[in-house]
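Open the model in your viewer and keep the selection tool at hand. The stops below say what to pick next and what is there.

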Amino acid sequence: MINFDIFRTKAIQWMITRGWKEKLAKRKGFEQSLFEHTLCELDALITFFSIWADFSAYNRLTLDEQKILLVAALLHDLGKETDAWQKYILGKQSGYVSHCDESLLKEVLSEILPWFSLENSAEIISAVMLHMRSASTPGYVFAQAALGHHSNPRWKMLADLVAQIDNFCSAKGLFGGLTALERCDFIQNLSIDYHQVNLRGLSTTLLHKAAMECFLEKGWLPLMHYANGTIYAASPQDNCASPTRQEIHNRLTEIVQETLLGREFHQQVVGSPVASMLPKPDLFDYREFRLYLKTAAGRIGRASFKKKSEAEQQRVAEEYMRLSKTADAGKEWQLQAIRIAEARPEMLIFKVFKTALSEKLIDPAKLKIDQEADRLLQESCHPETPQGEKKYLAEIKKAQKKIWDGFQTLLAREYEQIFGQGSLADLLNTSTLMPAKDMARTIDYFWALPASRFDRQAIPDQVEFLRSEDRENLLVELLAQIAEKVFASLSEDNRPSRLSPETVADQFIKDLTHPLPAIPFQQVVNEQLKAYTQSKPLARKEGGQHLCPQCNWPFYGGSSAKADFLNNPEAHTNRAAAHSRPGYIVICDHCRYERFLEQLILGGKPAKTLVLFPRMGIGPGAGSLLQEKAKQIWTKFALYMSDRTPDPSLNISFGLTSEIAKKLAGQEAWGLSAEAVADLLTYRTSKETEKKRRKALENLLKENIGSQVEDLNSLWMTEYPTWDEAVDALIQGQVMEGESLRYRAESFSLTHSLEIICQTPHMILVSLQNPLGIGKESDTNAGLRELFILMILGLALDCTAASLADGEVISFEGGEGVARVPGVSALRNLIGSEWVGISEATRWIRAIASASQLIIATDYPDRSNLYQILTALTAGHILRRIEQKSEAGTAAIYHLEHLKNIEPVLK
Amino acid sequence: MRKPITIQSSRFDLESIKPKMETIINAFDTYLDGYPVKTARSKHAIMGPVAKILERAQTRHWDVDSLIGYALRVHEMNPRSHGFISPEARAALELGTKEIIDLCQKIPITAVAKVIDRLDYSIYYRRRVKALVHMEKIRSAFVIYLKEQYSNHNALALAWGEKGLTFENIRYPSQRSDSYKKAKDSKKNDTDGFWNQYQTSKEEEESEE
């Protein structure tokens with residue numbers, strides 16, 4: 001038996017040692033390194049072996065034949081490692097250069113044959129030399145037959161198998177692969193199927209996972225993964241059936257449910273005080289109402305109003321005194337300003353309450369009447385006739401109005417019972433946050449209530465004089481109780497509940513294009529045409545036929561986009577009619593849920609999303625390695641970002657190019673392990689920052705636990721002799737008490753700033769909460785930082801890396817190069833193309849790394865320093881700049897090293 | 001109607017003249033190897049007559065002989081040259097000047113300034129790299145010298161009175177810098193001692209050759 005895992009590991013090591021990660025194997029149509037291409041072929045071969053293992057009817061591949069095939073597949077493109085062939089593929093050498101190099105092959109075979117204790121290499125030589133169609137001439141085949149000294153009579157069949165697998169692995173894309181497979185002689189001994197999806201983003205990773213798991217469940221083996229799907233193979237004897245769309249849908253629902261589990265929905269439900277308070281009604285759930293109110297209180301601080309100019313504070317305070325029915329006009333405006341500042345969190349609690357119980361969340365036109373009442377209406381109206389239908393709809397509307405009126409009446413009764421007559425009307429008269437109005441129309445009512453009414457003590461006996469925290473809690477409690485009562489008056493299906501995983505899956509499954517019941521092409525065309533002709537006047541109106549401005553898919557209905565999850569929803573769009581009324585664009589539910597999910601996972605709107613694709617095809621073995629590497633990086637990052645990190649001074653940054661460059665010095669990006677990549681992207685905060693953070697932590701501990709070491713010891717059940725030692729222990733992760741760890745996370749800014757989403761090898765997403773640019777630097781400079789990190793990731797993980805701006809559609813499929821140059825025209829001009837290829841990436845990594853090391857010496861403006869260095873006319877210009885900016889008037893010897901790295905990219 | 005005037009324009013490709021530019025850079029670099037620089041601080045001093053050649057060649061009004069004559073005069077006027085120029089340096093100067101005049105005539109007038117600018121800074125870069133490498137060689141020799149004098153960097157730091165000094169961050173042993181002037185006697189003695197030893201060993205090497 002051959003241990004394929006050991007063989008693969010050995011082969012990988014051998015290929016890396018020979019520098020195959022840097023050598024090109026494919027360039028026309030798509031780009032792939034010699035390492036990746038060979039690994040693809042080995043993976044495909046190993047998959048075939050496992051399919052044919054129990055399938056004695058075909059070929060009866062002996063152990064020796066399997067060994068011959070493995071070695072031949074490993075060495076089939078050996079000749080491509082030569083400099084001559086590399087120059088040829090890069091177009092630097094005229095004339096054809098063959099990569100079938102027999103002398104080199106014989107030389108290498110002496111090294112490889114002992115792996116399998118093989119003695120005769122004639123079959124391997126024939127397989128390698130004949131795998132190219134141009135070399136496989138009848139004359140050469142006869143020569144091999146006559147003079148090849150083959151010990152295996154099936155040497156030609158083995159050679160053909162290597163050639164056909166090579167053709168399959170060299171095909172571009174999923175359909176290219178399928179076509180190549182269909183041409184293979186062994187196709188009758190294989191069952192083939194595939195899944196294919198439209199590339200979108202986060203939902204694509206979930207869909208891939210669902211589809212892949214369903215295929216595996218049915219007994220299929222993945223043969224080759226592409227960014228947009230997988231080709232599966234199985235033995236024809238197994239009679240594997242394709243999974244149905246419903247099965248994939250069910251699995252997708254489960255995956256969505258798993259993904260949503262444990263997420264902090266309340267953080268996403270409650271919006272911003274300067275925009276919409278409940279921007280995502282789909283995520284609202286009436287059972288979590290209390291939590292939303294508490295979250296709202298945290299959205300604004302009391303100090304924010306105090307930071308406003310004195311004139312502004314005075315204006316607001318005076319406006320409040322004018323509006324208020326109860327405010328003491330004799331009080332000075334300064335006192336009123338302090339009261340207003342104090343009341344800010346409570347204003348937001350009222351805002352959420354008002355929005356949650358308004359038509360914005362409960363649409364009266366969508367209220368469902370109970371089944372019995374509906375049955376009676378149908379019996380009395382006969383909706384099957386046109387007149388009856390009209391009558392029926394009118395009756396339904398009446399019934400809905402009745403439910404809504406009942407709801408409103410109950411709300412008014414409950415609210416005014418606590419806050420007093422007319423208080424609800426005043427609440428409903430408030431709009432976005434306007435402190436004076438909110439103070440007069442909501443807070444005044446609440447603060448005037450006697451504290452004793454709620455079993456609380458205050459002197460004087462008014463809610464206003466309770467402690468801020470007590471007051472907030474009381475308000476949350478009162479409003480939550482009102483909401484509970486009024487929500488209870490509605491039937492369960494009319495209460496605002498969170499969208500279900502099924503609803504999300506219903507949308508996400510639309511991206512699955514295979515397996516799918518065949519839809520007539522004409523029908524698709526007609527649907528799109530209809531959407532195109534009707535959507536323009538409706539682009540900013542909910543309902544009707546639309547064409548999604550984000551993903552171009554036709555849809556019906558939809559809902560208005562909010563700035564909370566889409567940038568510039570009110571901006572100009574060619575999707576709307578020219579000079580039409582302004583408003584928010586309407587996007588499809590698929591795009592909306594995609595964004596919700598992204599925000600739920602990341603905890604906010606991502607500033608950038610990095611997409612990693614395999615470079616065209618990737619075999620199952622290499623795919624697992626890619627996933628494993630990504631997961632290792634993620635595990636390390638997740639630890640650094642969590643409050644359990646052993647060293648809170650370690651932070652993650654993708655944008656600190658010079659720090660990354662320092663760590664990268666002397667290493668080749670393609671040789672980086674997962675651990676090395678994670679280390680590269682982490683940095684230690686400066687001593688000053690560390691001191692400040694320690695101070696902040698001490699303040700938090702003193703404020704919340706106590707100012708003596710005994711207080712800490714009693715809570716932690718420890719025996720630290722001094723305060724400093726106790727704090728040190730907490731910082732170093734030796735104390736595991738939950739509350740204290742939270743203070744440590746708060747003071748050391750341990751936030752969840754990125755997420756790596758790696759479900760399958762098809763596509764890995766890295767969502768970044770912070771932009772890569774530093775300070776106010778230009779897009780070009782930020783783009784260079786972005787490109788630098790993309791190239792490192794692309795080379796280290798053997799994949800194609802690209803970054804996506806908000807709303808950008810994925811228009812590539814992997815294999816275009818190592819990294820996509822960010823869409824800044826100056827940057828694309830500098831690089832000279834949209835993609836940086838394998839042969840160029842190392843050169844650019846070195847150049848950008850060196851430029852980042854010269855930033856201080858050259859002293860160019862922060863906004864464009866990297867770009868200015870890389871666009872200098874000659875290295876002499878940069879050197880002169882360094883000398884001019886240096887106090888001593890000279891450059892240092894290490895500057896020369898950097899200049900040497902930059903020189904090759906200067907134009 | 002007047003006949004329309006049509007022209008065919010194409011972007012000038014700098015790559016096409018790269019070999020010629022390389023020849024010019026090499027020639028002037030060879031010449032400057034034999035040019036006595038007054039000070040290494042200014043670009044003007046480092047480039048010597050080459051800067052003048054580049055400036056005048058750009059005008060496309062000078063011929064080869066007159067420009068070489070002008071450059072030779074600038075060379076002779078440098079008091080350190082004592083009116084002497086080696087035959088190799090002169091040959092290189094002639095070659096460089098001839099090539100640059102030729103180049104400026106051949107390339108489009110719109111590209112001349114850019115090409116001259118590139119040549120100017122490329123030659124300067126070549127010179128400065130040589131100088132920096134030379135200085136680094138001396139600095140390394142100085143470090144070796146100091147390692148012979150002191151057992152470790154702590155002893156050195158103590159003797160020189162410079163906190164945090166290590167063998168790695170020793171700077172070039174200039175005898176004209178402010179830091180030398182302000183330094184303790186031990187540092188001055190070490191610097192002077194090194195230079196004495198260095199000069200002696202250099203002279204010995206030259207006599208052996």
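**Stop 1: where the two chains meet**

Select the contact between the chains: 15 residues come from chain B and 18 residues from chain A, contact meaning heavy atoms within 4.5 Å. This is a predicted model, in which local features need pLDDT of at least 70 and side-chain atom pairs count only at pLDDT 80 or more, while totals for chains, interfaces and linings use all residues; side-chain values use heavy atoms, with hydrogens and water left out. Residues are numbered from 1 along each chain as its sequence is written, and chains are lettered from A and ligands numbered from 1 in the order in which they are written.

Chain B and chain A bury about 1500 Å² between them, 63% of it on carbon and sulfur atoms. Buried area is the accessible area (1.4 Å probe) that two parts lose on being put together, summed over both. Now pick Arg118(B), Tyr125(B) and Leu132(B). They supply 41% of the area that chain B buries against chain A, more than any other three residues.

Next, show Arg128(B) and Glu883(A). They form a salt bridge, with the closest N and O atoms 2.5 Å apart. The rule asks for a side-chain nitrogen of Lys or Arg within 4 Å of a carboxyl oxygen of Asp or Glu. Across this interface it finds 1 salt bridge.

Color helix H6 (residues 109-149) of chain B. H6 gives the most to the side of chain B that touches chain A, with 12 residues. Helices here are DSSP runs (H or I, at least four residues), and strands are runs of E (at least two), numbered from the N terminus.

**Stop 2: a loop in chain A**

Go to Arg339(A) and Glu464(A). This salt bridge has its closest N and O atoms 2.6 Å apart. Arg339(A) lies in helix H16 (residues 333-356) and Glu464(A) in the loop between helix H20 (435-447) and helix H21 (468-488), so the pair ties together parts that are 125 residues apart in sequence.

Stay in chain A. Which residues does a cis peptide bond join, with omega about -15 degrees? Select Ile459(A) and Pro460(A). Pro460(A) lies in the loop between H20 and H21. Asp455(A) is also placed in the loop between H20 and H21. Its phi is near 60 degrees, a positive value in a residue other than glycine.

**Stop 3: another cis bond**

Jump to His514(A) and Pro515(A). The peptide bond from His514(A) to Pro515(A) is cis, with omega near -5 degrees. Pro515(A) is in the loop between strand S6 (512-514) and helix H23 (521-535).
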